[in-house]
Amino acid sequence: MEYEYILIIIGAIFVNNIVLAQFLGICPFMGVSSKVKTAVGMGGAVLFVMTLAVIVTWIIMHYVLIPFEIQYMQTIAYILVIASLVQMVEIILKKMSPALYQALGVFLPLITTNCAILGVAILVIQKEFNLLKSVIFSIGNAAGFALALIIFAGIREHMDKLNIPEGMKGIPASLVVAGILALAFMGFAGMV
Amino acid sequence: MAKKDSTFLNMTLTLLIVTALSAVALGFVYNSTKGPIKDAKAQKLKNAINIVVPGADKGEVEEFKVLSPDGREELTFYKVTHNGELKGYAVNTYSNNGFSGHISVMVGFDENGVIIDNNVLEHAETPGLGDKTSKDVSDWNSQFIGKNPAEFKLNVKKDGGDVDAITAATISSRAYCDALDRAYRGFVAFKESSDSKLVEVSDDNTLIEDNNTEVDSTSNENIGGTK
Amino acid sequence: MNQWKNFTKGFIKENPVFILLLGLCPTLGVTTSAINGLGMGLATTFVLLMSNTVISLIKNVIPNKVRIPSFIVIIASFVTIVDLVMAAYVPALHAQLGLFIPLIVVNCIVLGRAEAFASKNTVLSSMIDGLGMGLGFAFALTILGAVRELLGSYAIFGYKLINTDGMLVFVLAPGAFIGLAYLVAIVRRINK
């Protein structure tokens with residue numbers, strides 16, 4: 001039984017990395033990751049919101065939507081839950097860690113539109129996970145997101161010192177780096 | 001252009017109305033599309049069955065579940081008949097050992113357990129490698145046509161079997177064989193129990209008697225019509 | 001407002017993908033073929049058009065503090081409608097696009113246009129803006145999809161040109177990043 005949970009985590013972090021293999025969470029990925037410190041903060045915020053969101057949406061799906069046969073309200077219900085959660089996190093962060101709040105700036109409300117959160121919430125239903133597996137899956141995915149983000153930030157910090165052709169400066173170069181990272185992560189596929 | 005004030009009453013009322021209207025609109029669209037969605041699913045299933053047991057699209061299909069010998073899993077079987085003649089059994093099988101996890105396979109057996117045809121239904125295997133298990137990509141799975149699993153060992157040659165694995169996609173090939181093997185074992189269990197007229201049948205049984213298309217109770221899965 | 005300019009800005013000058021760099025998740029995720037890219041683009045265009053229209057119609061009756069949640073509910077409704085209609089009438093495409101259809105609700109383009117344009121402009125302008133941006137998005141996705149399909153499977157719109165495996169990396173994750181990187185660079189150059 002434990003074996004299965006380890007597989008879920010390893011799968012989520014490395015093999016099917018949420019950013020580099022599933023293409024969820026690209027916008028904040030490109031936007032936030034120029035400093036390792038901010039990347040760590042963003043990763044933490046996503047971990048918290050994602051896990052909480054998955055728990056709440058899972059409960060709503062299984063105890064409200066399915067019993068009443070209104071699964072088609074999934075998108076609306078889910079996105080409202082996520083938006084509210086992010087508001088809450090914003091308020092809490094403002095009170096508890098104003099420094100981090102400032103550092104994340106506009107990216108915090110943007111977690112709402114982070115497809116990774118909604119994506120994972122939908123995926124756990126598709127994969128028919130029970131609540132425990134869903135939580136583990138979301139922790140794994142958030143960790144994978146943070147991992148990709150931190151590696152990327154580290155690379156970008158060095159890229160600033162390089163001589164990149166004018167047309168490729170900025171996003172194009174970042175995308176190529178992401179592509180190479182994705183290629184590297186494909187190597188993990190043999191692990192599971 | 002004056003915007004409404006953000007008083008508590010206005011805000012609550014607005015949200016309530018917006019959500020209520022949306023819910024109504026969605027309920028309407030949902031009801032209108034419920035039928036076509038069900039039909040599309042049924043058609044997809046029928047097509048999948050027809051690939052592995054040709055004639056399913058013109059004949060009748062009866063769905064039932066079979067319990068495996070160890071009682072741990074249940075496979076969905078589809079009995080295909082046309083004009084009263086048994087065309088074969090399609091089995092919806094699976095394996096969790098694919099390169100990217102779960103793969104879903106449909107295989108058709110004739111009444112002696114010889115494979116009529118087979119195809120992968122759902123998978124997340126690597127394009128160009130593991131996806132060759134699909135007829136859309138290559139005819140790799142044609143090697144199973146006409147084979148009797150009682151003699152043709154459903155393992156890749158590397159594991160001592162008779163199956164030619166896909167080059168550089170041994171894991172996907174193994175998983176596919178695992179799925180076929182699972183289906184065959186289920187078929188054998190079914191044959192043995194039906195020979196003593198004791199077919200394990202699930203609750204969503206939709207027996208289609210003779211030329212009627214009676215569907216019992218609420219469960220759908222009524223595939224195949226007689227006209 | 002010059003409605004022609006309003007309409008065409010979505011194609012090159014303010015192309016949501018190549019210039020504004022919004023909506024990258026579906027861009028990378030579904031462009032394994034030209035048809036998938038086009039299908040996704042059109043679905044998003046529908047949502048954009050409808051949500052821009054409705055939001056512009058009711059912009060004066062929504063209290064300011066609840067405008068984001070209201071927008072979200074409206075957008076989510078149209079996304080669900082698109083999801084249901086596609087499942088009913090184009091099931092094959094629906095299966096291919098999978099998770100990314102409900103993810104249209106977090107496509108930054110949709111909420112972005114609603115907030116930046118539709119809530120401040122006339123209904124007609126908003127409709128045209130939605131249409132133009134949506135079609136620009138579809139244009140970008142179709143091009144990226146075509147490039148990836150051509151290089152990755154030696155096919156175009158499903159029609160196989162050479163009967164061998166292509167450069168598979170392009171239909172996999174890395175190819176998405178790298179393909180997009182170069183297209184962004186090219187469009188930027190054209191825009192100069």
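Mentor: In this model, 31 residues of chain A are in contact with 33 residues of chain C, where contact means that the C-beta atoms of two residues, placed from the backbone, lie within 7 Å. The model is predicted: local features need pLDDT of at least 70, side-chain atom pairs count only at pLDDT 80 or more, and totals for chains, interfaces and linings use all residues. Residues are numbered from 1 along each chain as its sequence is written, while chains are lettered from A and ligands numbered from 1 in the order in which they are written.

On the side of chain A that touches chain C, two or more residues each come from helix H2 (26-32), helix H4 (74-96), helix H7 (115-126) and helix H9 (171-186) of chain A. Helices here are DSSP runs (H or I, at least four residues), numbered from the N terminus. H9(A) gives the largest share of that side, 10 residues. Sorted by class, that side of chain A holds 26 nonpolar, 5 polar and no charged residues. Ala, Val, Leu, Ile, Met, Phe, Trp, Tyr, Cys and Pro count as nonpolar, Asp, Glu, Lys and Arg as charged, and the others, Gly among them, as polar.

Now the helix packing. Helix H3 (residues 36-65) and helix H8 (residues 131-159), both of chain A, have axes that come within 9 Å and cross at roughly 160°. Such axes are lines fitted to C-alpha atoms over the stretch in contact, with angles from 0 to 180 degrees between N-to-C directions. H3(A) is therefore roughly antiparallel to H8(A), a label for angles over 145 degrees. The residues of their contact divide into 19 nonpolar, 6 polar and 1 charged.

Conventions. Angles under 35 degrees count as roughly parallel, over 145 as roughly antiparallel, 65 to 115 as roughly perpendicular and the rest as oblique.
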